[in-house]
Amino acid sequence: MRPATTVITAWETHSPLGCGAEEHTRNARAGATGHDAGPRVVPGFDVRQVLGAKGTRSMRRATGLAVATTGRLLSRVGLDPDRRTAYTDEEIGLVLATSDNVQAVVDFNRDSWTRARPYDVDPAQAPNLLMNVHAGQCAIRHRLRGPNSTVCGSHLGSLLALNYARRLQQGGHAPAVLCGAVEECSESRSAWAAARTAGSPAPLGEGCVVFLLERGDRVADSRQPLAGVLALEFGFAPHDGAVTTVLADCLRRALERADVSPGRVGWVAPSAAVDGRGEDERLAVKEVFGQVPLVSGAHDALGDTESVSAAFRIVDLLTDPDVVDGVAAVTATDAEGRVGCALLRIR
């Protein structure tokens with residue numbers, strides 16, 4: 001039996017454009033841009049002010065962003081723990097992409113070298129060293145007892161998480177999956193990014209995006225699907241010169257898997273030009289689709305949000321008033337050679 005279609009029915013965000021989907025969309029449509037070369041942070045976000053004092057004394061900023069965004073999304077669709085009727089706690093899974101918690105690791109290791117004894121460290125910070133601390137805290141605070149997974153894949157993180165979540169759902173492990181990505185701006189991440197990109201001028205950005213994925217046959221009448229997930233494909237480019245060819249192959253495989261002809265793809269949202277890979281992405285898009293409108297979104301205002309970047313591209317497609325009732329593609333590449341794409345049917 002063919003598995004039910006996976007659809008995106010809601011989303012939420014904390015981004016440099018604002019706290020919440022409405023504020024983000026309003027500022028993006030107003031043409032918000034970055035004003036200087038500094039990092040793009042979520043304005044006015046303080047973990048303890050937003051989430052309260054209980055259980056947040058040692059919570060890092062990225063964890064706070066993930067918990068706050070997930071909570072807003074659940075509340076918006078009536079799935080917060082106190083009003084949850086459409087699904088049981090065990091039927092809601094969570095897949096979150098992120099980079100390693102660089103600043104937490106640096107702080108913890110520094111303490112072991114600079115304090116009186118190597119073991120004279122703050123034990124409350126130990127959970128923050130784990131890659132899955134964000135997803136774990138979301139599950140604890142919002143009573144999510146379905147599958148809980150963390151994906152680490154740099155700029156491909158959001159697409160890898162989307163693919164993982166879709167497989168969880170189609171495998172019958174969870175009819176509803178919260179899927180997204182989170183990153184924080186920090187001194188250590190900035191230094192690591194600058195070294196990796198040889199001083200890329202792209203400012204660092206932070207934020208969190210979470211989507212609600214549901215099976216097409218379980219969507220409540222009160223929610224209209226925003227997009228259907230048709231296909232995701234990934235590849236590996238062993239050197240920079242291979243990005244265009246490998247990504248073009250990914251796009252062709254995705255089209256074949258979704259049984260969609262290239263001419264039916266009406267829009268493409270490529271990633272920002274990080275390390276010059278953006279131009280390679282555009283060449284691949286042109287090779288497969290010819291001249292197709294590119295949805296660029298608010299790259300400058302958001303900065304380089306790494307694992308969240310592809311999720312913001314999906315948000316761009318969902319909120320662009322010119323993108324309606326058609327098939328769209330999202331493409332992504334990273335400095336380690338990963339390339340990937342997603343095909344979505346925008347409603």
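Predicted model: local features only at pLDDT ≥ 70, side-chain atom pairs only at ≥ 80, totals over all residues.
Residues are numbered from 1 along each chain as its sequence is written, and side-chain values use heavy atoms, with hydrogens and water left out.

**Annotated domain**
- An unreviewed UniProt entry carries the annotation "domain: Beta-ketoacyl synthase-like N-terminal" for residues 55-193; UniProt positions follow the numbering used here, feature names are shortened, and annotations may be inferred rather than shown by experiment.
- Residues 55-193 are 43% helix and 13% strand, and their end C-alpha atoms lie 31 Å apart. Helices (H or I, at least four residues) and strands (E, at least two) are DSSP runs, numbered from the N terminus.

**Residues with positive phi**
- S154, a residue other than glycine, has a positive phi near 50°, and it sits in the loop between β4 (148-151) and α6 (157-170).
- S154 is buried, with a relative accessible area of 7%; buried means under 20% relative accessible area, exposed over 50%, and partly exposed in between (1.4 Å probe, protein chains only).
- E306 is not a glycine either, yet has a positive phi of about 50°. The loop between α10 (299-302) and α11 (309-319) contains E306, which counts as buried at 1% relative accessibility.

**Cavities**
- The structure holds three cavities of 30 Å³ or more. On a 1 Å grid over the protein atoms alone, a cavity is a set of points where a 1.4 Å probe fits but cannot get out, and lining residues have an atom within 4 Å of a point.
- Grid points are joined across faces, edges and corners, and a volume is the space filled by probe spheres set on the points.
- The largest cavity has a volume of about 90 Å³ and is lined by 13 residues, of which D100, N101, V102, E183 and E184 lie nearest its centre.
- α4 (102-114) and β5 (176-183) each supply at least two residues of that lining, which divides into three nonpolar, six polar and four charged residues. Ala, Val, Leu, Ile, Met, Phe, Trp, Tyr, Cys and Pro count as nonpolar, Asp, Glu, Lys and Arg as charged, and the others, Gly among them, as polar.
- The second largest cavity has a volume of about 40 Å³, and its lining consists of six nonpolar, two polar and no charged residues.
- α6 gives the most to the lining of the second largest cavity, with three residues.

Key: 1 Å grid on protein atoms, 1.4 Å probe; cavity = no way out; pocket = protein on both sides within 12 Å on 5 of 7 lines; lining within 4 Å.
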